[in-house]
Amino acid sequence: MASASLIHARCGYSPRFIGNRRSGSVSSSSSSTSSASSSSSSSSCCSSSSLGFSSGTNNSWRNQALRAQAMFTTTRGNFGSSRGITNERNEPDHLLVLVHGILASPSDWTYFEAELKRRLGRNFLIYASSSNTYTKTFGGIDEAGKRLADEVTQIVQKTDRLKRISFLAHSLGGLIARYAIAVLYSPNDLSNSVAPNEETAFSSRRGMIAGLDPINFITLATPHLGVRGRKQLPFLLGVPFLEKLIAPIAPVVVGRTGSQLFLTDGKPEKPPLLLRMASDCEDGKFISALHAFQSRILYANVSYDHMVGWRTSSIRRETELLKPPRRSLDGYKHVVDVEYCPPISSDGPHFPPEAAKAKEVAQNEPSPQNTLEYHEIMEEEMIHGLQQLGWKKVDVSFHSAMLPFFAHNNIHVKNEWLHNAGAGVVAHVADSLKQQESSQFFTASL
């Protein structure tokens with residue numbers, strides 16, 4: 001196995017723009033984003049596997065994390081009772097919200113919860129959301145996001161001593177969580193004096209989520225750029241007939257959520273929801289809410305995910321999808337690469353007149369070509385908005401698994417018996433949370 005550290009490197013970057021319509025400069029940051037400087041490098045992201053980190057680096061932060069490790073409380077979808085929410089001897093102060101995907105339920109997190117309970121400390125209160133189960137996910141990302149926000153608010157109100165909050169979401173749940181945090185976001189008095197891309201020692205200086213300090217925002221196989229065609233909805237297999245049919249029938253099959261995922265929601269002259277969610281707009285402070293988190297991590301399947309493609313789940317352009325490593329990182333089977341992409345200054349996403357025209361054509365005369373042109377415009381604009389933030393991107397490959405075609409469910413071990421190939425991914429997520437938790441204690445002790 002290839003040796004690589006879970007911790008991203010601090011090194012120089014230069015933005016990779018291949019076929020970009022606009023260019024930007026890399027901004028400087030710290031904490032959840034690394035310092036960026038001009039460089040002749042061909043990529044704006046820094047891969048941990050290519051830097052050859054030694055396993056000793058992992059051991060260093062793991063030893064620090066031992067101070068925080070013990071047992072912690074979990075609860076699932078029952079905020080009406082205090083059972084499982086408080087610990088009389090050592091109450092948790094870090095709320096970790098688990099958000100499932102489409103047509104799913106809190107039970108999808110059974111294995112993941114158990115592993116987090118085993119690996120993390122008592123500081124965490126783990127809560128698996130139950131406000132958007134099964135067909136409730138069809139009613140629209142915005143409506144589901146509002147329900148999740150209400151649910152989190154009730155949890156916070158009913159639980160004493162909570163100080164911090166993190167989100168871990170799978171598939172559609174990542175988009176629902178992104179909407180919810182914008183609803184829950186409140187700027188801090190100090191945040192007015194902080195530059196938009198300036199990272200600070202404490203996330204509270206950049207705003208609060210549900211009145212708590214935002215720490216981690218992690219998504220697993222989430223279609224951040226929507227879904228379309230062979231590259232981002234692989235189960236269509238690139239068949240033109242299917243690609244032509246899927247966009248217009250999506251709202252029929254999965255309701256408003258379907259049209260939002262295919263970026264055809266709303267009137268032609270109005271930007272689609274996912275584009276609005278890549279900015280701060282009248283609907284919500286979506287970018288500010290994400291920026292408030294100290295750590296933002298994307299886990300993406302590089303292949304065999306027939307629901308969500310590599311590009312949309314890792315927020316990359318087609319030209320940035322380089323051939324992934326074949327070997328797993330030490331201790332994390334099927335996790336093949338970790339890279340950090342620093343924030344890139346941008347004037348944010350736009351909805352130009354040609355986009356409105358392309359959207360109208362995609363709505364009224366859907367075809368592979370019309371849809372492709374529209375989505376290419378929208379994806380580039382969404383990337384411009386989301387790249388204003390720094391992201392750690394973790395690539396996962398189940399090519400050597402016994403059941404690789406279950407990649408979309410493997411990545412969060414939906415079923416312990418069918419999808420246990422994702423155990424290494426679960427371990428990596430747990431260690432990422434533990435690393436951030438230990439850094440909190442280290443900072444507080446200084």
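Colleague: How many helices and strands does the secondary structure of the protein come to?

Modeller: This is a predicted model, in which local features need pLDDT of at least 70, side-chain atom pairs count only at pLDDT 80 or more, and totals for chains, interfaces and linings use all residues. Residues are numbered from 1 along each chain as its sequence is written, and side-chain values use heavy atoms, with hydrogens and water left out. Helices (H or I, at least four residues) and strands (E, at least two) are DSSP runs, numbered from the N terminus. The protein has 14 helices and 13 strands.

Colleague: What percentage of the residues count as buried?

Modeller: Buried means under 20% relative accessible area, exposed over 50%, and partly exposed in between (1.4 Å probe, protein chains only). Of the 446 residues, 59% are buried.

Colleague: Where is His334 found, and is His334 buried or exposed?

Modeller: His334 lies in the loop between helix 10 (310–314) and strand 12 (335–341). His334 counts as buried because its relative accessibility is 2%. Contact means heavy atoms within 4.5 Å; beyond neighbours within four places in sequence, His334 is in contact with residues including Asp395, Phe398 and Ala421.

Colleague: Which side chain does the side chain of Ser105 join in a polar contact?

Modeller: A polar contact is a pair of N or O atoms within 3.5 Å; within protein, one must be able to donate a hydrogen and the other to accept it, and residues adjacent in sequence count only if both atoms are side-chain atoms. The side chain of Ser105 makes such a contact, of 2.7 Å, with that of Ser107. Ser105 sits in the loop between strand 3 (94–99) and helix 3 (110–119).
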